[in-house]
Amino acid sequence: MSEISKGFGVMICGQILHKKYRAAYFNETDWFLANKIKSFHVAVAAQTYREGVKNLLQNNGLGVIKANTLIIGYKHKWTEQSPEMVEEYVGIIKDAFDNHYAVGVLRYSGKLDIKGLTEDDLESFGDEDKPVEPEQPIRDALSRENILDDDAAKDSLGGKSDVNAGDMEMNVIVDNSRIETPSTDTAIDKFKGFGTTKPKGTIDVYWLSDDGGLSILIPYLLSQSSYWHNTTLRVFATGQSREMKHDKARMATLLNKFRIEFGSVEIVSGLEDDPTPASIDAYAEFYQAAEGDAQSSLNDSKTRQYIRIGELLRENTTEKTELIVVTLPVPRDHTPSLQYMSWLETMSSGLPPILMLRGNQQDALTFYC
């Protein structure tokens, strides 16, 4: 996350302690200093994981200097856990949206440098005076025809904010709540991230929903960082096969207006097509493994849409894909937690590292008139 803010935003690494608060946590602050990561470390004691994250969401920062984006890890082995634990995890995402935060869920793959980590360590990771010309917000520049209509996002986030975030700094909360022991042998000491070799492939960005532009801004900022600067952006947008050439040119023009450097633009069609029987069967298999009613879930049009998105992600992923960024679904009030986790699973399984991300409906991109 420090690669996004470049040390200028407010980054808070939150830690939820299910036990009594211990002053020894300062050892982890030393870890941030040793690794040259500019972040505040905040530990809170709470009876539940969700309660602790809610405290962090409501009380972080000082005045307007506060985080606006929550980044959490994907909940691995959720099908083996109790419905209450799954409900708690999904509830955290709901709470973040209700508090007008942008949310990112990062799922790792085998590309992580995890040498020396034990199985217990791995479990701990699952679970940021110059005059300018007038600016035009992204929402005035985008036509809805190439962006998925997601009424749930607007309902949850309360629609468009009056805040113009064109010059927004990236402020994030990183949740490392599973790391409780501040000794030199903890997972946080041994974790090396995405490896020491700088990636040279592509960052695949699926811009599927109008969230204010955050889902295109963050991968762009990553591509400008010292670690990811050898990668290029492949931007995927939705469109009609009969107008693919026009849609591609239109999206390229839009990205240029926003000063987003990219390698290529691809238009994906067939999003409204039915998923293949094999994909439906795979979805039903892990949904039933979590003791859910798969048939009821499959009757939801959103479920079939996310299964289809997962198919498109796998179809377009290449050996050069280093990271995927795709729009995160918004958990609606009537969406069961098991169904929501099944959406995330069907979208992200069997892929390189993937960041499922959605903005908070504040404009993160502007272009000069």
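How many of the five residues of strand E3 (residues 69-73) are buried? Five of the five are, and E3 is mostly covered. The model described here is predicted.

Residues of E3 point two ways. Thr69, Ile71 and Gly73 point to one side. Leu70 and Ile72 point to the other. Residues on both sides are buried.

E3 pairs with strand E4 (residues 102-107). The pairing is parallel and runs over five bridges. Opposite Thr69 stands Ala102 of E4.

## Helix H4 against H3

Helix H3 (residues 49-59) packs on helix H4 (residues 83-98). The angle is about 15°, and the axes lie 9 Å apart. H3 is therefore roughly parallel to H4, since angles under 35 degrees count as such. The crossing of H3 past H4 is right-handed.

H3 brings Tyr49, Arg50, Val53, Lys54 and Leu57 to the contact. H4 brings Glu88, Gly91, Ile92, Asp95 and Ala96. Of these contact residues, five are nonpolar, one is polar and four are charged.

## Helix H4 against H14

H4 also packs on helix H14 (residues 337-348). Here the angle is about 70°, with the axes 9 Å apart. Angles of 65 to 115 degrees count as roughly perpendicular, so H4 is roughly perpendicular to H14.

From H4, the contact uses Val86, Glu87, Tyr89, Val90 and Ile93. From H14, it uses Ser337, Leu338, Tyr340 and Met341. This contact divides into seven nonpolar residues, one polar and one charged.

## Helix H9, a covered helix

Helix H9 (residues 214-223) is mostly covered. Ten of its ten residues are buried. Among them are Leu214, Ile216, Leu217, Ile218, Leu221 and Leu222. Ser215, Pro219, Tyr220 and Ser223 of H9 are buried too.

## Glu311 in helix H13

Glu311 lies in helix H13 (residues 301-316). Is Glu311 buried or exposed? Its relative accessibility is 7%, so Glu311 counts as buried. The cut-off for buried is under 20%.

What does Glu311 touch, leaving out residues up to four places away in sequence? Its contacts are Pro275, Thr276 and Ser279. Ser348 is 37 residues from Glu311 along the chain. The C-alpha atoms of Glu311 and Ser348 are separated by 9.8 Å.

Technical notes
Residues numbered from 1 in each chain as written. Predicted model: local features only at pLDDT ≥ 70, side-chain atom pairs only at ≥ 80, totals over all residues. Heavy atoms only, no water. Axes fitted to C-alpha atoms, helices over the stretch in contact; angles between N-to-C directions. Helix = DSSP H or I, 4+ residues; strand = E, 2+ residues; numbered from the N terminus. Parallel < 35°, antiparallel > 145°, perpendicular 65-115°, else oblique. Left-handed = near helix turned anticlockwise from the far one by under 90°. Contact = heavy atoms within 4.5 Å. Nonpolar A, V, L, I, M, F, W, Y, C, P; charged D, E, K, R; others polar. Buried < 20%, exposed > 50% of the residue type's maximum accessible area, 1.4 Å probe, protein only. Pairing = 2+ DSSP bridges.
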